[in-house]
Structures are given as structure tokens and as C-alpha cells.
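Please open the structure in your viewer and keep the selection panel at hand. The tour goes from one selection to the next.

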Amino acid sequence: MSEKDKIKTLLVKKPLKLDCGQTISDFPLAYETYGKLNDKKNNAILVFHALTGDQFASGINPITKKDGWWNYALGPDKAIDTNKYFVIAANVIGGCMGSFGPSDINPETKKPFGTNFPVITINDMVNAQYNLLEYFKIEKLFCVIGGSMGGMQVLQFVSNFPDKAHTAIPIACTASHSAQNIALNELGRQSIMADRNWQDGFYEEQNKQPDKGLAVARMAAHITYLSKAGLQEKFGRKLQERDDLKFSFDADFQIESYLRYQGSVFVDRFDANSYLYITRAMDYFDLTKKFGGNLSKAFEKSDTKFFVISFTSDWLYPTSENREIVIALNAIGKNVGFVEITSDKGHDSFLLNVPDFLNTVKNFLNKSYEKIS
Amino acid sequence: MKKEFYNIAKLITKNSKILDVGCGNGELMKYITENISKDIRGIELSKLNVQKCVEKGLTVIEGNAEKDLKQFPDSSFDFVILSQTLQAFLDPENVLNELLRIGKKAIVSIPNFGHWKVRLHLLLKGTMPVTENLPNEWYNTPNLHMCTIKDFENYCEQRNIKINLKNLKFQNLFSELGIFILEK
């Protein structure tokens, strides 16, 4: 069995009209499932991944051989208990883990799409994943959940399909990408595009990889996922395997070495063009746009019970932005709970072992499930 | 559950829509959910208490009543409950106005500084009263704006706030707690 055979794929036949105007059809959507769908089909949870995530949320990722990105939260007896719930996770379109993306072959040119791939949006990602409900014949999901860009997809899903999820847990996210968010993403994109190997996006046909640019993009982004206090505590000014400064541009400090390592392992598992496309989708995300700036209107028709979670040290998607979602829901009398979890682990808190967070998710899910079953 | 909560719960109409401001660990909300109305949610400042509410399956928002009530539309609840926290706010007048704006009715309870034990304590000992209901010393009490039942009634009268219920006769002298239903 080859590596790619380990990826389950749904071939979506139905045409999907993208926000950019193009229509795609017969495209692959890679997904993974955990747990068992019960006879009533009322225990399904759709998990949305963040920028560099994929469908392998739990267990060992068969392609990278690394732990799934949400191993702390998702699995048997964990916060999202796969002994109890049937969890579906898909790779977003534009991604690079088997779903339709820029490294796929363009049937017209017989070469990878590269930057001829259409620009996609969070709305497009969610609409593509909706096909999984039809595929599994699930009338209504028990829950939609995700952090960061996954949280944006949660919000978009409920807005698009107001009666298709009993509960929704948007975590550490925003309803509208801020100027700071866009600026940081643009920094990453410019880093990739400044790499000579990027070749205007057609690097694959020339057997090149803009690894340096992608690594720097990852390094910059990685800083935004951590907090100042967390970095200071973990690294401080500690030196990397040396007694004193070397008066050179080597990685003297542990933090430098750590970031270089993060950059170098990232390029082995992620595609540079996917990075461009997915960050673009995040920047274009503004759920209020269609509703004249009024976020409440995005949720007017929904009967979903929300639970919004933010983290104290997350400065990328701070509590104030998560609170905007809560305020918009309260303004129209929707059922919404909210908690800000104390953690010094920054935006990445939702991916890490933060017991207060994991317990809160577990309790919310289990108590909500009692009510519907 | 403390007696105050049973008394508050008795005042609430079946299946009405309720907001419990400063809902603590959700004890009262849980009782109301199970016995009176499922359409209830809470606001709570303490993260630990918010998590205790989630454990009970209650809908709760972490927030501060002084800042976070403005997000609710006018008359969006049949009852808004505020149990023994009015005196701890920086601006109780504003909170009271907000309660009466978002709730058709507000149920407010206050520790009564006019209770005979409190009066006697100050009269005989000459120090700030410390009682079962007011257990803190002057330097660490969260209570910034203590009042008596009479003070509160006078206040409501001045502002044309209707008081629909007073808990007991001779209340100002003999009640440690005043529970009121208020309407604009």
C-alpha cells in the first residue's frame, strides 16, 4: 500500500461554485473518521482543522508518521471521546493532504495547477465539506468544532447551514480577519514568493521547492502562536549548546535553534502554494460582509447552541474578538456560552495539554449530548 | 441549596426566560432548570465557577455585569436575577438600570445593613459589623455600597421603580436579606 492509498477520499461529483466565480466538480476531498456512527446517526462531530492541519486529527498521521494534530483533545476517552462520538475530519480544499489543491494536476495542461489554482475562501472550504454529511447520510451533526481557522469554518458552517448542527464550538478564532492577522499572513506569503525557487508558483514542474521561503514563513507564524511569557519561560536567553556568545550569525540562542527546527520540519510536510492559498482564504474571511457589517444576521436562522472558547495569552485571536461572536449571538437571543481559559501557551493552547480547556470541551459535549439523545 | 435561592425560585413564572447575573457555581440555575424553566442562562465573573456551570450542563457566559449586560436587547428576559451582588459593584445604579432594561422584571436581593444585629454591633462595639451574612472586615470586604432595606426602598421610590414584593414585615429590622421584584 503506497502512502497516498492511506488517504480516504470522497470524489465530489456535484459542481461547487466558488466565491471567485469559478465552478469546480469531480474534485477529491480527503477525510478521516474516528469512532462509530450510531444507528440514530446523532453522534457525529465534524472537526475543522487550522491553517497547517489536515484530516489526521488523532492517532498517528500515516503520511508524516507524527502524532495527529489534535491528539490531546480527540480520541478514546478524551475530551472528544471517540468511544462515544463519530468524528469526521476533512482536509480543506486548497490543502496538501489529498484534497483538491494547487499541487493537483490541471487536466488542461497536464501539469500541476500551481498559481493557476482558483483562489478559495473559508465559505468554499465549508461548502465542499458539507458533501460529507450527504455521503454519510447524516441529517444533523451533533457538533461542529475547530480552533483558529477551524473556528472560522465552524462559524461559516452554522451561518450556511443553520439547522445542520445541534452544537458549535468555535475556539480561539474571529468572525473577521483583522489588519494584524492579514499583515502577518502577508509576511509569510512574501517570504515564500521571495524564494527564487518559488518560480511564480510553478516550482513543481521544475523540480524545485521554495523551502527557505516556506521555512521563514513558518518561523514567523510560529512566534504568533506562542505568548511572550511562554517563550520567556521556555527559552529566556538560554544559549544553544555553547557556553558563550560566538559573535557570529549562528543560532546562539535556543529560541533561534528552535525556530529553525520548526521551519525545517514544516517544509517536509507542507506545500508552499497551499500555504499561500489557505492564508489568503483566512484573510478574505469576514462573516459580516454579506450581512452589511451585522454579525448577528449571519446567525439569525440558526438553532445551534454555541460555546465560544478563548485563551488569556492568545494575542493572535484575542478574547475581545471571540467575545464579538458572543455579543452578536446574545443580541439576537441565541443560546451561547463563553469561557476564557487561563493559559500562558498563547494561540496554540487549543492544540496543547491545557486541562481546563479539555475538561470544558468534554463537559460541554457530554452534557449537550445527554439532552439530544 | 440556601433558603434565599428557594425564595427567589418561588417568584419565577414557569417556562419563562431568565438571566442569572453573577450565577456563581450554577446552583440556583440548576434548580430552576430542573423545576421551573429550562430557558435560563447565566453570567459569571469567576472562570472556576463558569467551568462548574458547564459541568452542570448550564449555559453560562464568562463576563462582568458592569460591562457585559449592554449586549442584551431591551426586555429580552422575563426575569433577571441578581443575588447579593448589587452592593459589590462600582456603579450599582448603572447595573440596576441595565437589569431593568433587559429584564421585564428584576429579582434583586441585598444583604440588609439595617438588621438589628448589625445595628447593635455598631452601637455596642463601635466597630464595623461582622455577621454571618457579612463575614468580612472593613479592609477586605467586597461590599462597596452597603445599604439597608429602607435605603433601597427609598431609592426605588425616587427612581419610579416599582417594588412588587418585600419579603417580610418589619423587614428593615428583622431581615438579614431583602428580596425584591422590581419593574420599571
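The stops below cover the chain interface, some salt bridges and the cysteines.

This is a predicted model, in which local features need pLDDT of at least 70 and side-chain atom pairs count only at pLDDT 80 or more, while totals for chains, interfaces and linings use all residues. Residues are numbered from 1 along each chain as its sequence is written, chains are lettered from A and ligands numbered from 1 in the order in which they are written, and side-chain values use heavy atoms, with hydrogens and water left out.

**Stop 1: the interface**

Select chain A and chain B together. Contact here means heavy atoms within 4.5 Å. On that basis, 18 residues of chain B are in contact with 24 residues of chain A. The buried area between the two chains is about 1700 Å², and carbon and sulfur atoms give 47% of that area. Buried area is the accessible area (1.4 Å probe) that two parts lose on being put together, summed over both.

Now select Gln51(B), Val54(B) and Gln71(B). These residues supply 30% of the area that chain B buries against chain A, more than any other three residues.

Between chain B and chain A there are 10 residue pairs in polar contact, both residues being at pLDDT 80 or more. A polar contact is a pair of N or O atoms within 3.5 Å; within protein, one must be able to donate a hydrogen and the other to accept it, and residues adjacent in sequence count only if both atoms are side-chain atoms.

Next, color helix H3 (47-55) and strand E3 (59-62) of chain B, the elements that give two or more residues to the side of chain B that touches chain A. Helices (H or I, at least four residues) and strands (E, at least two) are DSSP runs, numbered from the N terminus. H3(B) gives the largest share of that side, 5 residues.

**Stop 2: Lys47(B) and its partners**

A salt bridge is a side-chain nitrogen of Lys or Arg within 4 Å of a carboxyl oxygen of Asp or Glu. The count between chain B and chain A is 2 salt bridges. Select Lys47(B) and Glu340(A): they form a salt bridge, with the closest N and O atoms 2.6 Å apart.

Which residue of chain B meets Lys47(B) in a salt bridge? Select Glu62(B), where the N to O distance is 2.8 Å. Lys47(B) lies in helix H3 of chain B and Glu62(B) in strand E3 of chain B, so the pair ties together parts that are 15 residues apart in sequence. Lys47(B) is partly exposed at 22% relative accessible area, whereas Glu62(B) is buried at 7%. Buried means under 20% relative accessible area, exposed over 50%, and partly exposed in between (1.4 Å probe, protein chains only).

**Stop 3: a pair within a helix**

Select Lys30(B) and Glu34(B), a salt bridge with its closest N and O atoms 3.3 Å apart. The two are 4 residues apart in helix H2 (residues 27-35) of chain B, so about one helical turn separates them. Lys30(B) is partly exposed at 32% relative accessibility, and Glu34(B) is exposed at 53%.

**Stop 4: the cysteines**

A disulfide is a pair of cysteine sulfur atoms within 2.5 Å. The count is 0 disulfides over all chains. Select Cys20(A): the nearest cysteine sulfur, that of Cys96(A), is 19 Å away. Finish at Cys147(B), where the closest cysteine sulfur, in Cys156(B), is 9.1 Å away, too far for a bond. Cys147(B) is buried, with a relative accessible area of 17%.
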